[in-house]
Amino acid sequence: MHYPPPQCTTYTGIRSFPTVHCLADATDEEVNSHWAGLGFYRRARYLHAGAKRVVNEYNGIVPNTVEELLKVEGIGRYTASAIASIAYGVEVPVVDGNVCRVLSRLTGIANHIKAGAMKDDLGWTLADRIIKAKSCNVGKESKSYESIGSPGEVNQALMELGATYCAPAGSGIDDDDPLKDYYVSTQLGVATGKATRNNSTSARGHVESLIAKNAFVDANKKGKSCRLCDANGVSTFYDAFVDRVAADLSTDAKTNTNTLYAIAGHASLPIPPPKKSKREEVLAVAVISMEVSDERRWLMIKRPSEGLLACQWEFPSICVWTSAKDGKPKEKNGKKKSGSKPTNIEVPLIDSAVRADALDSFLSDILQSNSASSSIDLSKRAQAEESIVHIFSHVCHTMWIECAEFEVDNELLLGKKRWKFNGQEIGWMSENDMANVGITSGVRKVLTKAQQPKKPS
């Protein structure tokens with residue numbers, strides 16, 4: 001079965017659902033089949049639910065205020081503000097990661113773009129001031145609201161700047177960057193560079209002692225530290241600055257040192273966000289198939305309506321190990337460490353017999369619930385020699401595949417292709433069926449692996 005690449009799916013979806021009414025009238029599986037392979041499947045569900053609300057409560061017209069837009073499923077503060085300002089000209093700011101980066105460098109705030117102080121608080125306050133600046137004086141000239149741009153244009157300009165000239169790799173001194181004269185980041189870089197230029201003097205030691213003292217005060221006087229900068233923001237900026245300058249000076253002896261300082265200061269803000277270890281899970285996956293009327297079908301189960309990959313069809317699986325219980329670093333008394341740095345979690349090799357036993361009881365209950373006279377042919381049962389690793393944004397699945405042939409009374413099966421078990425939908429699906437409901441890239445990996453030669457278990 002050939003699946004179209006994900007980039008084609010978007011255009012197909014637009015052709016299939018050209019209006020909000022068409023999307024609202026579609027079934028869940030029709031929407032999912034167009035989204036398959038794109039990831040973040042919750043967005044598809046929200047998009048579908050939001051279309052229904054727009055049709056049912058707003059007569060098919062997308063609301064034009066932030067307050068009403070926030071009532072639509074899947075629309076948060078950022079999306080509501082973007083729609084209101086860009087589509088309707090409402091005077092509201094739009095703040096995303098790119099805008100936070102611009103604001104951090106304009107103000108010299110030593111924090112990361114995902115920090116609440118930036119993305120939920122200060123970022124919106126600063127961006128709001130920019131949006132409401134309907135006029136400005138540049139020398140003898142006075143620029144009007146129209147020449148600066150509408151709220152939507154200003155918001156898009158800030159986001160575009162954060163993605164181009166003020167991207168993570170931006171220099172801050174590009175002549176075409178309209179903000180190059182206003183970055184505090186480059187000014188901090190030059191000032192810090194001058195203060196620490198000569199390692200033999202006490203200037204650098206004085207700067208570092210001030211940073212260490214500030215960090216000590218922040219750590220021991222909770223609630224009295226700067227609410228905008230990260231507790232370790234200044235020291236993180238300084239360390240990154242020093243490392244960047246040392247690297248640049250070793251490779252570039254011709255560029256003016258103040259220029260290198262400015263670039264290093266710009267590159268050191270905002271500070272990097274804290275890294276989090278992904279949760280690790282080991283799954284035993286059952287790939288049970290059979291021939292019906294010269295067509296191969298596979299046993300599939302629909303995931304619950306909430307949680308990871310909600311409502312997606314997949315092969316039956318059991319989690320046999322998770323780092324949420326066994327893989328976290330702990331103190332000697334058994335309690336979890338607080339604020340510990342992310343570690344590389346070692347995923348254990350679960351014995352094949354353990355995986356098989358975990359699947360057996362689960363599969364037995366599923367198949368018996370179909371009330372068909374049938375049995376798994378254990379002589380054809382096999383396990384894949386290697387696992388499959390599939391990574392999500394916050395969890396990593398290590399999947400061990402076990403395959404088996406299923407023998408069934410065809411007439412009984414044909415009368416019951418889908419049924420319910422413990423509230424979940426179970427079904428036998430051909431590859432065409434999978435394409436119609438939309439399967440994830442992880443399920444495609446499993447299907448491809450299952451069709452490769454395997455060793456008997």
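Me: Which residue takes a positive phi in the hairpin of β3 and β4?
Reply: The model is a predicted one. In this hairpin two residues lie between the strands. The one with a positive phi, near 55°, is S293.

Me: Which residue in β4 stands opposite S289?
Reply: Strand β4 covers residues 295-302 and pairs with β3 in the antiparallel sense over four bridges. Opposite S289 in this strand stands W298.

Me: Why is strand β3 described as largely enclosed by the rest of the structure?
Reply: Buried here means under 20% relative accessible area. β3 consists of 14 residues, 279-292. It counts as largely enclosed by the rest of the structure because the number of its residues that are buried is 12.

Me: Which element of the protein has the lowest mean pLDDT?
Reply: For the protein, the mean pLDDT is 83, and 80% of its residues reach 70 or more. Among the elements, the highest mean, 98, belongs to helix α5 (residues 66-69). The lowest, 51, belongs to residues 410-414, helix α17.

Me: How many contacts beyond near neighbours in sequence does the stretch of residues 329-342 have in the model?
Reply: Over residues 1-9 the pLDDT is below 50, and that stretch has 14 contacts beyond near neighbours in sequence. Residues 329-342 also have a pLDDT below 50. Their number of such contacts is 14.

Note on methods. Residues numbered from 1 in each chain as written. Predicted model: local features only at pLDDT ≥ 70, side-chain atom pairs only at ≥ 80, totals over all residues. Heavy atoms only, no water. pLDDT = per-residue confidence, 0-100. Contact = heavy atoms within 4.5 Å. Buried < 20%, exposed > 50% of the residue type's maximum accessible area, 1.4 Å probe, protein only. Pairing = 2+ DSSP bridges.
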